[in-house]
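Please open the model in your viewer and keep the selection panel at hand. The tour below moves from one selection to the next.

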Amino acid sequence: MASKNQNKPPIPNFTNAPASPSNNQPVVDEVTVDKRRKIGLGKMVGPANSGRTRQAFSVVNGGQENGGPPSSAGSECGGIEFTKEDVEALLNEKMKGKNKFNLKEKCDQMMDYIRKLRLCIKWFQELEGSYLLEQEKLRNMLDCAERKCNELEVLMKNKEEELNSIIMELRKNCASLHEKLTKEESEKLAAMDSLTREKEARLAAERLQTSLTDELGKAQREHLSASQKITSLNDMYKRLQEYNTSLQQYNSKLQTELPTVNEALKRVEKEKAAVVENLSTLRGHYNALQDQFTLTRASQDEAMKQREALVNDVVCLRGELQQARDDRDRYLSQVEVLTTEVVKYKECTGKSFAELENLSLKSNELEARCLSQSDQIKALQDKLGAAEKKLQVSDLSAMETRTEYEEQKKLIHDLQNRLADAEIKIIEGEKLRKKLHNTILELKGNIRVFCRVRPLLADDSAAEAKVISYPTSTEFFGRAIDLMQSGQKHSFTFDKVFMPDASQQEVFVEISQLVQSALDGYKVCIFAYGQTGSGKTHTMMGRPGNPELKGLIPRSLEQIFETRQSLKSQGWKYEMQVSMLEIYNETIRDLLSTNRSCSDVSRTENGVAGKQYAIKHDANGNTHVSDLTVVDVRSTREVSFLLDQAAQSRSVGKTQMNEQSSRSHFVFTLRISGVNESTEQQVQGVLNLIDLAGSERLSKSGSTGDRLKETQAINKSLSSLSDVIFALAKKEDHVPFRNSKLTYLLQPCLGGDSKTLMFVNISPDPSSLGESLCSLRFAARVNACEIGIPRRQTNMRPSDSRLSYG
């Protein structure tokens, strides 16, 4: 039998097994323990160093192992309990034998294993039954605890209702006092607000009267200045009649038509002022109506809120009234009960007189409380009636507000229609203003001349007052300049003379309307002429990085892009293209070419053909330069970048007269193409801004080598320009435009249909007096030239995308 039990798992001990003398535990064969360890069932035995050998199944009387509930004492398991380790060992047990064909041994092992499984299942069923009994007991205890908790909650709710009733009474008293205080404070604040509004209205009326007085004075001053300008124009026409006998008939015609033009101009200005005034009044009415509409909307909203608040108050008051009635009934019932009890006590028991007095006092208190409750009911009824009246008044005010809102809406619609009509009149007035402005420029002459004297530099001698003077008479103030040479006085008169202290902004203001003509579809040309170092580049380009010293070119571009943005509301859309070139040694150079390098210059000088920049004029008076780079621009930032690029590519050099002398003629061209989507009108304008190279004398400049060639080329081109001006002034049949690239490029500006203005820049240095006198004489001849009448280009857009000059 020892061999058969070696592979069997330990079985529960149903009897009191003999205990070992050391640990009082059942004796287990050491060989069996070792074999169980080998097959992985050491969990049933326990650790080897625990000091005792753990049983596979614990005896009931020996205690429970893992704290599980004990099985029933009278169960079929014989007082046996199982642990988790025992169950796992039983499920993982494998039957093994020495002889595979010994069926009897296998059958015994299977029977033994089935018996142990049955015992384990019965133990689990009994354990489940005990758990169910205990669960039912705990459920009964829980139901009992819930009933007790519900009873406590009912008691707590009763106490809470009593406390809430007391708190509500206190809150009502506090709310009534708070409402009285709030009402008094609101009335006080309303009185203070009305006083403040009256003061503000008085101050606003005084400020309005002051501003109107200032505007009236300003208008009178502007009227006086306009009359002075008209007087100066009449004087200028008289002087031109005395100076040029060939224009007597033309001048007489102008003098006869001048009063009618002035009257038409005044009439148009009055109509424009009336339209602007009507527009301002309409906008004021519109803003006032908008404010009134906002106030009526706010008052309507406030009335609706008050109505909702009153409805809520009515509901609350009705609830409080019903509660007060219930309290009164309850108190009356209590009084009746107490009186019956008093009678009963008098008849039956004959209690003491002291108790009777206490009961009477209680009854008196209850009666007093009942009377107070009745008074409160009356007060609440009065409040309810007042609330209903307020509700009716709010309904009536809401109806009145709605009707007033409809009337204001109709009035606003009428004002909007009138505003649209006024905007149409403004557009028509703007068109008339452009037409009159162009007419005035034509009457003044096609080539206008502005003279600008630069300030003294540190290297100049301080003798400006002795050399240059400015007449201060009313007739010539701001338009004349005098030069003293060898005691002889030379006087010149131009359209405008800028003194050395004139800012860049003041100079630009005088030409801003001429720049505007480019957007209107005219060809405009502005060029700066003068000796080297006289400030031409400063006038045209300014100083980079300083906004106050920006020249005419960047300021003109800013005005054009701002005007383009403002004209979008009238339906105008503009496209603009820019090109820049220089004429260096009678050679055209593209300043925006990306492939331009020093090799281009060497190839041209060596006679090797690079790009051929040929100048061509078409029948419409437009000038095209072949192979020239043309860039589409959409903002001033893009143009500023191109100007910086061109400035880096332009030819400059150092001479004895100027540290950075321009050695070429710089030509900036902006081509403008505009389309009005509403009127389907198309315009094409061109703006040419030219910075000519300065004339200089070799004795003063000290030029040698390349600088000598540059000086000779500059003087030659300027001499050709002088020959062209002479021919135009004498009205010769042949004008030598082709003598130089500069005059051929400027042919449409000097002899075509463009609006042309020349800046003559002079230096106040006494050493440059000779050159300044030559420049002023040349400018006087230019001012006397008569060229074609400017023509507005409103034809269809050309297919050629290149820019044209002139």
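How many residues lie between β5 and β6 in the hairpin that they form? Between these strands there are 2 residues, and Ser486 in the turn has a positive phi of about 55 degrees. The model is a predicted one, in which local features need pLDDT of at least 70 and side-chain atom pairs count only at pLDDT 80 or more, while totals for chains, interfaces and linings use all residues. Residues are numbered from 1 along each chain as its sequence is written, and side-chain values use heavy atoms, with hydrogens and water left out.

Select residues 480-485 and 488-493 next: these are β5 and β6, which run antiparallel and are joined by 6 bridges (strands are DSSP runs of E, at least two residues, and helices are runs of H or I, at least four, numbered from the N terminus; two strands pair if DSSP finds at least two bridges between them). Asp482 has Ser491 in β6 as its bridge partner.

Now turn to the rings, where the whole structure holds 7 aromatic pairs (centres within 6.5 Å; planes under 30 degrees apart are stacked, over 60 edge-to-face, the rest tilted). Trp123 and Phe124 are edge-to-face, because their planes stand at 70 degrees, with the centres 5.1 Å apart. Phe492 and Phe494, by contrast, are stacked, at 6.4 Å centre to centre and 5 degrees between the planes.

Finally, select Lys755, which lies over the face of Tyr522 at 4.0 Å from the ring centre (NZ of Lys or CZ of Arg within 6 Å of the centre and within 35 degrees of the ring normal).

Conventions
Phe/Tyr/Trp six-rings, centres within 6.5 Å; stacked < 30°, edge-to-face > 60°.
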